[in-house]
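Subject: Handing over the model

Hello,

I am passing this structure on to you, and I hope you enjoy looking through it. Please open it first and then read on.

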Protein chains: 2
Amino acid sequence: MRPQDIISRKRDGSTLSDEEIKTFVRGVTDGSFADYQASALLMAIFLRGMDAREQYALTEAMLRSGSSLDFSEIEKPKADKHSTGGVGDKTSLLIAPLAAACGVCVPMISGRGLGHTGGTLDKLESIPGYRVRLSSDEARAILRRVGFVMMGQTAEIAPADRKLYALRDATATVEAIPLIVASIMSKKLAAGLGALALDVKTGTGAFMRDEERARELARALVATGNSFGVRTEALLTDMNQPLGRAVGHAEEVIECVEILRGEGDERARAVRELSVELAARMVALSRLESSVEAARARVLRALESGEALETFRRNVEAQGGDARACDEPRRVLQPSPPREVRVESARAGFVVRVDAAEIGLAVARIGGGRVRVEDEIDPSVGFLADVKLGEEVRKGQALGTLLCRDGARGEEAARRVRSAYTVEDDPPPAGSFKLIKEVIAG
Amino acid sequence: MRPQDIISRKRDGSTLSDEEIKTFVRGVTDGSFADYQASALLMAIFLRGMDAREQYALTEAMLRSGSSLDFSEIEKPKADKHSTGGVGDKTSLLIAPLAAACGVCVPMISGRGLGHTGGTLDKLESIPGYRVRLSSDEARAILRRVGFVMMGQTAEIAPADRKLYALRDATATVEAIPLIVASIMSKKLAAGLGALALDVKTGTGAFMRDEERARELARALVATGNSFGVRTEALLTDMNQPLGRAVGHAEEVIECVEILRGEGDERARAVRELSVELAARMVALSRLESSVEAARARVLRALESGEALETFRRNVEAQGGDARACDEPRRVLQPSPPREVRVESARAGFVVRVDAAEIGLAVARIGGGRVRVEDEIDPSVGFLADVKLGEEVRKGQALGTLLCRDGARGEEAARRVRSAYTVEDDPPPAGSFKLIKEVIAG
């Protein structure tokens, strides 16, 4: 089976056989499919699509390109959540302890940030001493002791995905739904999950800006998860503004700890609400409660009782971090406070649009993210949003505060953040920015 | 301008700007566009197409990726012909001397054979001593003295095309019309032509089997040629059987010399007819005659008077070949005659279908062509066809003769050739296999 023949069949709109898909994925891993052949096939898949059977075969072949994590000796139900990514999206840091406190075993494999979105691993590393590079024995021990572990993808998990992702990034084939689904699911399936809650975001700060495309992606993810026997649900959620108050590594961890401590204010409400909802789905899909309502109540109890905070503390200790971050988050995470630049509204009116990606990029540019993979991150910089979509503001009122190290670059970033807010005379229609737009179940 | 952005625009069906196309072609030549990025864009072009303006820009950028041949000091009108390739397609060897004998200057840049089709350069090299690797000074001198020169593409001509062609071959993107047009025309335009006659073949031995697609290709070639100020016409011709009698390097040259000597029999009729027609187009497009009819008459006079044979002889001498090939072609070109294996019809009836590509491949397999680029060619092997489509045959009658070196492989090739002929009880409808199907003018 020559690469050209597989490429030409997809090019002409045919359905690839399981064997052809396996040959492709194996060829990408062992080099018998050249990069330029793989990228031609990726573009053909982008433009021709894949049906459910091809989607299954691609996901399975990518999963089998590497080894799985074996947590089978842990008897608790295993579940995870995955988000397609957004600006200020820090829910993993809350969901993992919330679900673990409710009895779910959460082997959470997360990523690094790139572009306008931050990465969970980078955020956790703003806790002094916190280690995310764990051996599978260490991960298993932490999982057993704490109930959740936070780790990066190992070299053994889905190596085909790493190779394909790098190619997709360079060849404008990232946004193809079958490729996104196989990339996400091959990694998630490697952890041997029984349940998976997905957060598929749509809006100005989302990977899939368009709501209809995001819905299509959510459906494909849910169908694929269920076809592998993993009980999977997705929430389609709003990403038209930073989620919660903080954008920036240390500040996002601080915001999460404050929520776990019961100290989060109104500006953090969306983070709390979405985290509770996703954790509740994990608890319900894991059959630890018989309904989402009961699961939600249990998650809220774990939050309000301080149980989730204690679970988080045990994880920080187990992964080598400074557990005082759970007691005095600001002192531990922002030991040398950055400069503050006030971002003011240029006019009076209502906030009708926020370009969340632009805010993410402005923060990334002052050291709070990676423009290129090799960039170093400054965890202390960021942006704290004071107002939300739909709110009324006075001229000169603070939209938020930019945290930076270098005054000149900070001023420039502040201007960029300011221009990301559109303030108009009339308020947006009521209900325009519903956080959870839809639940997509199998 | 990042490669990804150019790729994504074509992926989404946009029209690329001249600047984007230039960036792509320059990037392919200087390596700033990686192979895997180029192949993703090639697939996007395959599936999204290109409009006339993009086609012009792509062709121009590929032309300008290298240098041109400067024959401007020769005052005669310059013209060439190009065929999309077929089995037994040896018309270049007749057209060049015919047109040159009528006063056209023909700087003919030809290729090597690959797969089921042979290459003009390989055929010429079966004349002992004939050299096709010429410096541009040598080529200019021969052109001035003889009126035509036969040469290979130099490294300086359209280097982007060589790179892209290798990628297209490996990524199932060869058959995209905009890419074919740019590849052909960028090389032809480098010779500074005033006129170009195209032979676009369709049928079982053609690169474009489908007639509608071949017509589309012919139209795009003609439009692009004319947009560069080169008077261009195309003939859409039948390639449902080997053209003429011979398939195989030495035998094809022998067939041409016999036609030039006035010795060709009925089986060579199609070669003579098509060569005269294409040469006449070159003469008419070069404005050496005011109508195609007058040009055809002039070409026939050059053929029948022996003038074309003398022109061919002068070329063979000028390019270092043994000119006795013009007097005793069989003795000079087949000094050690190959074995002959008779290919017989298994039944009585009418020849209703010939798989010409299969015949080409059978000959290639016994050394008469290249399966891979690095294969050596045996010029002496081949196939001589005795019957044509529509002819009635008796059971056991010779369909033709296979010429080979190795008996066992020859028997196998003979079986393969036999199976390429379909003989049925009823004759095909009259006029099914018209040689020249259509003339496509600008």
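Below is what was found in it, grouped by topic.

**Before you start**

This is a predicted model, in which local features need pLDDT of at least 70 and side-chain atom pairs count only at pLDDT 80 or more, while totals for chains, interfaces and linings use all residues. Residues are numbered from 1 along each chain as its sequence is written, chains are lettered from A and ligands numbered from 1 in the order in which they are written, and side-chain values use heavy atoms, with hydrogens and water left out.

**The two copies**

**One helix with two sides**

Helices (H or I, at least four residues) and strands (E, at least two) are DSSP runs, numbered from the N terminus. In helix H7 (residues 136-146) of chain B, the buried residues are Ala139(B), Arg140(B), Ile142(B), Leu143(B) and Val146(B). Here buried means under 20% relative accessible area, exposed means over 50%, and partly exposed is in between (1.4 Å probe, protein chains only). Seen down the axis of H7(B), the buried residues fall within an arc of 165°, so they line one face of the helix. That arc is taken from the directions from the helix axis to the C-beta atoms. As background, an α-helix has 3.6 residues a turn, so residues three or four places apart point the same way.

On the other side of H7(B), Asp137(B) and Arg145(B) are exposed. The cover over the buried residues of H7(B) includes helix H5 (92-101), strand E2 (106-110), strand E3 (148-152) and helix H14 (307-318) of chain B, where contact means heavy atoms within 4.5 Å. Just after H7(B) comes Gly147(B), with a positive phi of about 100°.

**Salt bridges**

Over all chains, a search of the whole structure finds 90 salt bridges, each being a side-chain nitrogen of Lys or Arg within 4 Å of a carboxyl oxygen of Asp or Glu. Here are some of them:

- Lys90(A) pairs with Glu255(A), with the closest N and O atoms 2.6 Å apart. Lys90(A) is in the loop between strand E1 (79-83) and helix H5 (92-101) of chain A and Glu255(A) is in helix H11 (residues 249-260) of chain A, so the pair ties together parts that are 165 residues apart in sequence. Both Lys90(A) and Glu255(A) are buried.
- Arg416(A) and Glu358(A) form a salt bridge at 2.6 Å, N to O. Arg416(A) belongs to helix H17 (residues 407-419) of chain A and Glu358(A) to helix H16 (residues 356-368) of chain A, so this pair ties together parts that are 58 residues apart in sequence. Arg416(A) is partly exposed at 25% relative accessible area, and Glu358(A) is partly exposed at 22%.
- Glu211(A), Glu212(A), Arg215(A), Asp238(A), Lys437(A) and Glu438(A) are linked in a network of salt bridges.

**Around Asp210(B)**

Asp210(B) sits in the loop between strand E4 (195-202) and helix H10 (211-227) of chain B, and is partly exposed at 41% relative accessible area. Its side chain reaches the backbone nitrogen of Glu212(B) at 3.4 Å, and a polar atom of the Asp210(B) side chain lies 2.9 Å from the backbone nitrogen of Arg213(B).

**Two residues with positive phi**

Arg287(A), a residue other than glycine, has a positive phi near 60°. Arg287(A) is in the loop between helix H12 (269-285) and helix H13 (292-304) of chain A, and is exposed at 62% relative accessibility. Ala172(B), also not a glycine, has a positive phi near 55°. Ala172(B) lies in the loop between helix H8 (159-170) and helix H9 (177-189) of chain B, and is buried at 8% relative accessible area.

Best wishes

Key:
A polar contact is a pair of N or O atoms within 3.5 Å; within protein, one must be able to donate a hydrogen and the other to accept it, and residues adjacent in sequence count only if both atoms are side-chain atoms.
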